[in-house]
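Here is a short report for a reader who is new to this structure. Look through the sequence and the model first, then read on.

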Amino acid sequence: MKKFSIKLLAAVLGLASGAVMAQESPWLVRARAVHIDTANKSDPVGGVGAANLIRVESKTIPELDVSYFLTPNIAAELILTYPQKHEVSLDGAKIGSFKHLPPTLTLQYHFAPENTFSPYVGAGVNYTRISKVRLLGGAGDLENDSWGGALQAGFDVKLDRNWSLNVDVKKVQIRSDVYVGGARASKVKVDPVLFGVGVGYRF
């Protein structure tokens, strides 16, 4: 009878544990501070001279992302911010600025979502909307948008049932042709690496 009671208690606890997992919200929201480290690769201007003379400034921005767990291990994450202004230089001299809005959608695999330390990897697509381009006193221009791939790796450290710390690294393709006087003058590969640190809340 005693052995039967112990087995019954273990079964009940197991079912209760499974019910708690089943009731855990699939929604996770994170806020991060993200440093954008631009690659700054560009074709020779006008097809002559040295390459990589066009540079887009690196900077730190706020980021908000929303994740939805399709299963305990697989999540879709939408990464958001507001339009960011970047200064542009040519061979060390400032030539203007532009704004970009780069929402990114990734599909992630979380290796150990039940553990305190939970690493993950992800891959997806980035869409960048380029606006308010002011280059060379109005003579220069960029494409309106850019599509590219995105790779991601990071980890969460659980603080309690809801809160966690997060470290995240992404490599994103952002590219645009550069026009001067309406003619294509170069191609810029911004292709930044984004280093992020923040907090998450699981509802």
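Lys187 and Asp177 form a salt bridge, with their closest N and O atoms 3.7 Å apart. A salt bridge here is a side-chain nitrogen of Lys or Arg within 4 Å of a carboxyl oxygen of Asp or Glu. Lys187 lies in strand β14 (residues 183-189) and Asp177 in strand β13 (residues 175-180), so the pair ties together parts that are 10 residues apart in sequence. Strands are DSSP runs of E, at least two residues long, and are numbered from the N terminus.

Lys187 is partly exposed, with a relative accessible area of 25%. Asp177 is buried, at 13%. Buried means under 20% relative accessible area, exposed over 50%, and partly exposed in between (1.4 Å probe, protein chains only).

## About the model

The model is predicted: local features need pLDDT of at least 70, side-chain atom pairs count only at pLDDT 80 or more, and totals for chains, interfaces and linings use all residues. Residues are numbered from 1 along each chain as its sequence is written, and side-chain values use heavy atoms, leaving out hydrogens and water.

## More charged pairs

Side chains of opposite charge can pair when their charged atoms come close. By the salt-bridge rule, the count here is 13. One of them joins Glu77 and Arg32 (3.5 Å, N to O). Glu77 sits in strand β5 (residues 74-80) and Arg32 in strand β1, 45 residues apart. Both Glu77 and Arg32 are buried.

Asp168 and Lys170 form another salt bridge, with the closest N and O atoms 2.8 Å apart. Asp168 counts as buried because its relative accessibility is 0%. Lys170 is buried too, at 3%. A network of salt bridges links Arg30, Arg32, Glu63, Asp65, Glu77, Asp156, Asp168 and Lys170.

Strand β15 spans residues 193-202. Its covered face holds Leu194, Gly196, Gly198, Gly200 and Arg202. Its uncovered face holds Val193, Phe195, Val197, Val199 and Tyr201.

Strand β1 (residues 27-37) runs antiparallel to β15, joined by 10 bridges. Two strands pair if DSSP finds at least two bridges between them. Strand β12 (residues 163-172) also pairs with β15 in the antiparallel sense, over 9 bridges.

## The nonpolar core

The largest nonpolar core has 18 residues, and Val88, Phe98, Leu142 and Val188 touch the most other members. Strands β1, β3 (54-56), β7 (93-101) and β9 each supply at least two residues of this core. Such a core is a set of buried Ala, Val, Leu, Ile, Met, Phe, Trp, Tyr and Cys residues joined through side-chain atoms within 4.5 Å.

Beyond its neighbours within four places in sequence, Leu142 is in contact with Phe98, Ile130, Val133, Leu135, Ser176, Asp177 and Val178. Contact means heavy atoms within 4.5 Å.

## Two loop residues with positive phi

Most residues other than glycine have a negative phi. Asn40 has a positive phi of about 55°. The loop between β1 and β2 (41-42) holds Asn40. Asn40 is buried, with a relative accessible area of 4%.

Asn52 also has a positive phi, near 65°. The loop between β2 and β3 is its place. Asn52 counts as partly exposed, at 34% relative accessibility.

Terms used. Helix = DSSP H or I, 4+ residues; strand = E, 2+ residues; numbered from the N terminus.
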